[in-house]
Amino acid sequence: MQSPWKVLLAAPLLLLPFHTVASPARGDQPSTRPSNGHTCVEKLFLKSTCYLVVRMFGPDIIKLLSADMKADVVCHTLQFCGQDPGQAFCHLYPLPKETWKSTLEKARQMVKKSPTLKYSRSGSDICSLPFLAKICEKIKSALENSVPFRDVDSDKYSVSPTLRGYHWRGRDCNDSDKKAYPGRRPDNWDVHQDSNCNGIWGVDPKDGIPYEKKFCEGSEPRGIILLGDSAGAHFHIPPEWITASQMSLKSFVDLPSALTDELNWPQLSGATGFLNSTSGIKENSIYLHLRKRNRCNHRDYQNLAKNGASSQNLERFIQSLSRNPQLDHPAIVIYAMIGNDVCNGKIDPVPKMTTPEQFYSKVMETLKYLNSHLPNGSHVILYGLPDGTFLWDHLHNRYHPLGQLNEDVTYEQFYTFLSCLQVSSCHGWMSSNKTLRTLTSERAEQLSNILKKIAISKKFTNFDLLYVDFDFQGVVKKWQNRGGQPWQLIEPVDGFHPNEVALLLLADDLWDKMQLQWPQVLGKENPFNPQIEQVFGDQGGH
């Protein structure tokens, strides 16, 4: 039943031989602006994807909707939605007036000879085509291992934005030299070239002193690294993508970039975002705070967050971390697995939750790995898990974007629909069952207590260990003091993830805490920041 989606997701691959990644999203400002050719290819990228979707599904969708079939009927008829034997019928909208069985049979007769269903039953996969198999495999490998698709010198940094490129970690300044990458200690004070990609290199003609030595020596440069899940990656589906009344030609301008970033927006995240906030609030990411404090930190960020990541599967991609204990600057590592150890979509989610014993074991494995890969003087911050009961408390009786026009779908109905399909992001918290919500929060608190104990009792040679609570209630109060409402801090489409505003408010709280309680984590304020800006401007951008 999922094979039609393989065609949709693989459609952009048809263009990748000519354009390996999407052009920068709005506001990206690399040193070289994308050419008109890139813009044309991006338009072709989107046009081809839309054309394929419309050609494959459009006629059947139009035929069914013209016959007054409900969206649920269309979903089941075209096999986007499934119903296993014995499973309850899952529907989002009110049921049709006729019996469900007769309505579905009537709809299936209407599209009986549809090539869409023929393709669905065949189980075909566009990646099985010989000329696409190799590039499909390379993209799959890049995404699974959280490394850039385009990385000529294999140093884990890229000159392209998406497919795990510089949206996720600092842009490479020389993709033909494996020894040049963000975060390294300068090679010979970068007299002849920029070896650490912070845009500071060369020699001051007035006194013959290398700029890197003059401006950065003793300033305690450091980078920021996030180990996280989809919240840390900033998973986001714009409401205008699914709400007809909000759609326009501009609605999908960022679609190519979002698809090749796995529907994440790390360039706007709370930990490593480097673009100005689209929400208009004044708060910045941790990375931008660090850069403002010391411009020698320019481009030294790594967002190693991944959709579905948890303490139990981090080992699958933690090797994508790029830090050399001998050659690189120290780093601030934020460990923020805040959801998937307690969240799953099972009907009974409790047995699938990570136990405290399992959690302790995997967190310790991660910390031992970090100790062997981080430079001495680094810092690791363990982020506690949230109390996710605020999701139900603040959203359940509000209308979801899919139901706002006709006021026929609330978040309670949306959560129930996802749980019925067993695809809920977090059935434990996105449930009308108060007992289940309480049990999920209790397990989250148990796991947070494990992190607290580890931070207090364990010592490592290359970093110190700190703990912070996930204080969402504090963020809510701050937002309410500005006249906002709690529900405005949650992603409206998925009804689960903290949105951009929430992520930046959380980042600002963490920054304030570090300034007040752990100033040693941040390094010194660089008194040469004005001179760096005067000589090097934006230091090559991001």
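**Close-up 1. Lys282 and Glu283 form a salt bridge, their closest N and O atoms 3.2 Å apart.** Welcome to this predicted model. Of the two partners, Lys282 is exposed, with a relative accessible area of 66%, whereas Glu283 is buried, at 3%. Side chains of opposite charge can pair when their charged atoms come close.

**Close-up 2. Lys452 and Asp469 meet in a salt bridge that links distant parts of the chain.** Here the closest N and O atoms lie 3.9 Å apart. Lys452 belongs to helix α14 (residues 434-457), while Asp469 sits in the loop between β5 (463-468) and α15, 17 residues apart. Lys452 is partly exposed, with a relative accessible area of 31%, and Asp469 is partly exposed too, with 47%.

**Close-up 3. Asp204, Asp207 and Lys214 are joined in a network of salt bridges.**

**Close-up 4. Helices α15 (residues 472-481) and α16 (residues 500-517) cross at roughly 110°.** Their axes come within 10 Å, and the two helices are roughly perpendicular to each other. On the α15 side, look for Phe472, Val475, Lys478 and Trp479; on the α16 side, for Val501, Ala502, Leu505, Leu506, Asp508 and Asp509. By class, this contact has seven nonpolar, no polar and three charged residues.

Close-up 5. Over residues 1-27, the pLDDT is below 50.

Definitions and conventions
Residues are numbered from 1 along each chain as its sequence is written. This is a predicted model: local features need pLDDT of at least 70, side-chain atom pairs count only at pLDDT 80 or more; totals for chains, interfaces and linings use all residues. Side-chain values use heavy atoms; hydrogens and water are left out. Axes are lines fitted to C-alpha atoms, for helices over the stretch in contact, and angles run from 0 to 180 degrees between N-to-C directions. Helices (H or I, at least four residues) and strands (E, at least two) are DSSP runs, numbered from the N terminus. Angles under 35 degrees count as roughly parallel, over 145 as roughly antiparallel, 65 to 115 as roughly perpendicular and the rest as oblique. Contact means heavy atoms within 4.5 Å. Ala, Val, Leu, Ile, Met, Phe, Trp, Tyr, Cys and Pro count as nonpolar, Asp, Glu, Lys and Arg as charged, and the others, Gly among them, as polar. pLDDT is the predictor's confidence in each residue, from 0 to 100. A salt bridge is a side-chain nitrogen of Lys or Arg within 4 Å of a carboxyl oxygen of Asp or Glu. Buried means under 20% relative accessible area, exposed over 50%, partly exposed in between (1.4 Å probe, protein chains only).
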